Amino acid sequence: MEGNILDAMRYVGAGLAMIGAAGAGIGIGLSVQGALTGMARNPDTYGNLLTNMILGIAFSEAIAIYCLVIAFLMLFKVV
Amino acid sequence: MEQEKRRPWRRWVVLVLMIAGFILGGIFVPVSPEIVVAPEKLSYQPLFTLPVIGSFYLVNTLPTLAVTLVLLMVVAYFTNRSLKKSAQTDLIPRGIGNLMEAVLEIFYNLTEGSAGKYTRMIFPWFATILIYVLFANLLKLLPGFESIGLIKEAHGEGGHAVTALAGNWALLTAEKGEFVLYPFFRGISVDLNFTVSLAIIAVVMIQVVGFRAQGIGYLSKFFNTRRMFKVPFFGAMDFLVGLLELISEISKILSFAFRLFGNMFAGIVLVAIVAGLLGRISILPAMVMMFELFVGVIQAFVFGMLTMVFMAQATQGHGGEDHGDGPAEARSEVHEI
């Protein structure tokens with residue numbers, strides 16, 4: 001095998017950084033669960049619930065995107 | 001009741017385009033991309049140099065910024081003209097004035113639900129950030145962006161060989177070589193300068209709206225000495241929580257900037273890699289681009305909405321938590337769907 005250790009550890013670090021996206025997946029699932037339960041109980045508030053669900057999903061997804069940014073920084077040798 | 005025979009023709013157009021994409025993918029083979037975080041410089045000499053800050057180069061994203069601003073100004077001019085014309089005749093908006101009014105009314109009702117009496121102060125920021133980021137996110141999906149540019153020698157590893165097309169143009173092929181592509185147009189929301197500057201503007205304006213609404217009492221959000229002398233233990237805790245709010249304002253800048261940048265950057269990397277790997281099956285990068293469309297709209301909405309929500313929170317002090325629900329909420333239920 002060849003290659004230097006720094007590049008290898010960069011790839012390993014990029015992979016480890018993406019473990020944080022698991023939390024985002026669970027968070028999005030929970031918020032969609034809450035929104036769907038609310039929509040099922042009360043279909044009149046569909047528009048309101050949809051807007052707030054999209055907002056909540058964007059917050060959770062932002063955490064996964066932070067992990068992705070760290071992974072990209074390592075993969076493309078910026079850091 | 002008689003019905004004309006419906007001829008579904010769109011599916012044949014899609015099929016023909018898929019087959020054409022497959023054939024063209026054999027001629028112009030998609031190459032694996034080179035992905036850089038910072039936008040590339042298009043010229044060797046800087047445009048101008050300021051004494052302390054440094055030199056400013058003509059960067060990849062500046063032509064896209066010019067196109068975005070020109071497009072926004074054209075849309076604004078035509079909307080203004082259409083609304084002025086309808087204001088003179090019968091007050092019924094038509095055409096692009098109608099479209100813009102319908103879209104902005106949705107967001108105005110959203111703002112009214114959260115802000116109450118400060119809607120007129122807050123809504124322009126929400127709508128401006130939304131429309132600007134929406135145009136920025138959607139413009140980078142047009143063909144020609146990030147694929148047409150200068151071919152330069154690659155410093156370091158990577159790089160592709162070129163075959164010459166007509167005139168001065170050349171095409172990157174899939175073999176290893178020494179040339180990389182510096183695109184002429186790169187999406188502006190992929191540039192950290194755009195996102196960080198917009199985030200700083202948004203967070204500074206949140207503080208300004210807070211000061212305008214509450215006067216100097218807005219500082220009691222950060223330096224909370226309300227209970228310090230009555231109940232010393234909880235008062236000290238409130239004071240520390242207030243200091244933590246100050247740090248949270250700084251982290252809002254980072255959060256805004258990296259949410260938009262990360263989503264858009266992940267988008268172009270995903271499209272480029274899927275196109276590089278499976279480019280001949282042209283439906284796959286096309287579906288990724290459709291997802292990018294959705295994500296672009298959502299991120300623009302979320303940026304604006306978060307600015308609006310933080311501004312609305314900044315206008316409320318301690319105990320002013322009950323804001324205008326009644327009539328605004330009833331109206332927003334009629335207009336939402």
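Tutor: The domain assignment, which comes from an automatic or database source, divides chain B into domain 1 (62–148 + 187–321) and domain 2 (156–183). The C-alpha centres of these two domains of chain B lie 38 Å apart. This is a predicted model, in which local features need pLDDT of at least 70 and side-chain atom pairs count only at pLDDT 80 or more, while totals for chains, interfaces and linings use all residues. Residues are numbered from 1 along each chain as its sequence is written, and chains are lettered from A and ligands numbered from 1 in the order in which they are written.

The largest nonpolar core has 52 residues. Such a core is a set of buried Ala, Val, Leu, Ile, Met, Phe, Trp, Tyr and Cys residues joined through C-beta atoms within 7 Å. A residue is buried if 20 or more other C-beta atoms lie within 10 Å of its own, exposed if 12 or fewer, and partly exposed in between, with C-beta atoms placed from the backbone. The members that touch the most others are B:Ile122, B:Ile129, B:Val133, B:Phe303 and B:Met311. Two or more residues each come from α3 (46–75) of chain A and from α4 (119–139), α5 (192–214), α6 (232–278) and α7 (283–314) of chain B. These helices are DSSP runs (H or I, at least four residues), numbered from the N terminus.

The axes are lines fitted to C-alpha atoms over the stretch in contact, and angles run from 0 to 180 degrees between N-to-C directions. The residues making the contact include B:Trp125, B:Phe126 and B:Ile129 of α4(B) and B:Phe303, B:Gly304 and B:Thr307 of α7(B); contact requires C-beta atoms, placed from the backbone, within 7 Å. Leaving aside neighbours within four places in sequence, B:Ile129 is in contact with B:Leu198, B:Ala202, B:Phe303, B:Gly304 and B:Thr307.

In chain A, helix α1 (residues 5–17) and α3(A) pack at about 170°, with axes 8 Å apart, which makes α1(A) roughly antiparallel to α3(A). A:Leu75 is found in α3 of chain A and counts as partly exposed, because it has 16 C-beta neighbours inside 10 Å. Beyond its neighbours within four places in sequence, A:Leu75 is in contact with A:Arg10 and A:Ala14.

How values were computed
Contact = placed C-beta atoms within 7 Å. Parallel < 35°, antiparallel > 145°, perpendicular 65-115°, else oblique.
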